[in-house]
Amino acid sequence: MSIPPIKPPRGIKPTKETSGLLISVIRALSASETNEQREIEKAKLEKEYKRSDQRLDELVSLHDQDLTEVMQIFSALSEKVTSSREKIHAVKENLNACKQLLRCKREELLNLWLEGIEHKQVLHLLKDVSADSCGRMVPLIEPESLASSNTSHGPSVDQ
């Protein structure tokens, strides 16, 4: 049974011992006049380093199961995020391709629409022309002139 890490209370910022410790070491080394004092400072640093390393090892071994679980979860999430990013990239490429195809279809539809309008206009003109032609052709042979044309050298209606 492992104890979960304790979250510090909100609003209270943890003290930054590392920067303060580093500054005090630099000051001590700068203030030291002899190599003996520097060696003493070096020994203190090594002792503190070993102690913090030992404490870190203890914490890691204490929370080994939790750390392993967190790393596995993180790895799975990382893979899912990577996979999702790849899928999103593929979807964006597909959308751009579809957009381009839709532009082409739009241009094609516009051309077909314009062509349809032209055909409609031609059809109206043909109807107008045929209506005018039929109207002119029928009155050319009037019933009154038929009687007079029988005696002339024109074609006979009875034939």
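What share of the 159 residues in the protein is buried? Buried residues make up 3% of them, where buried means under 20% relative accessible area, exposed means over 50%, and partly exposed lies in between (1.4 Å probe, protein chains only).

## Model and confidence

This is a predicted model, in which local features need pLDDT of at least 70 and side-chain atom pairs count only at pLDDT 80 or more, while totals for chains, interfaces and linings use all residues. Residues are numbered from 1 along each chain as its sequence is written, and side-chain values use heavy atoms, with hydrogens and water left out.

The pLDDT, the predictor's confidence in each residue on a scale from 0 to 100, averages 80 over the protein. A score of at least 70 is reached by 74% of the residues. Confidence is highest in helix H3, at a mean of 90, and lowest in helix H4 (residues 143-151), at 53. Over residues 154-159 the pLDDT is below 50. Beyond near neighbours in sequence, residues 154-159 have three contacts in the model, a contact being heavy atoms within 4.5 Å.

## Secondary structure and surface

The protein has four helices and zero strands, and its elements run α-α-α-α from the N terminus on. Helices (H or I, at least four residues) and strands (E, at least two) are DSSP runs, numbered from the N terminus.

The accessible surface of the protein comes to about 15400 Å². Carbon and sulfur atoms account for 61% of that surface. Accessible areas come from the Shrake-Rupley method with a 1.4 Å probe, and for residues only the protein chains shown count as cover.

## The annotated region

An unreviewed UniProt entry places the feature "coiled-coil region" at residues 26-62. UniProt positions are given in the numbering used here, feature names are shortened, and annotations may be inferred rather than shown by experiment. In the model, the span of residues 26-62 is 92% helix and 0% strand. The end C-alpha atoms of this span lie 34 Å apart.

Glutamate 48 and arginine 51 form another, with the closest N and O atoms 3.0 Å apart. Both lie in helix H2, three residues or about one turn apart. Glutamate 48 is partly exposed at 36% relative accessibility, whereas arginine 51, at 54%, counts as exposed. Between glutamate 58 and arginine 55 the closest N and O atoms are 3.7 Å apart, and this pair too is three residues apart in helix H2, about one turn. Glutamate 58 is partly exposed at 40% relative accessibility, and arginine 55 is partly exposed at 47%.

## Nonpolar patch

Leu110, Trp113, Leu114 and Ile117 form a nonpolar patch on the surface. Together they have about 390 Å² of accessible area. Patches are made of residues with over 30% relative accessible area and no salt bridge; like charges are joined within 9 Å, and nonpolar side chains (Val, Leu, Ile, Met, Phe, Trp, Tyr) within 5 Å. Leucine 110 is found in helix H3 (residues 64-140). With a relative accessible area of 45%, leucine 110 is partly exposed.

Technical notes. Salt bridge = Lys/Arg side-chain N within 4 Å of Asp/Glu carboxyl O.
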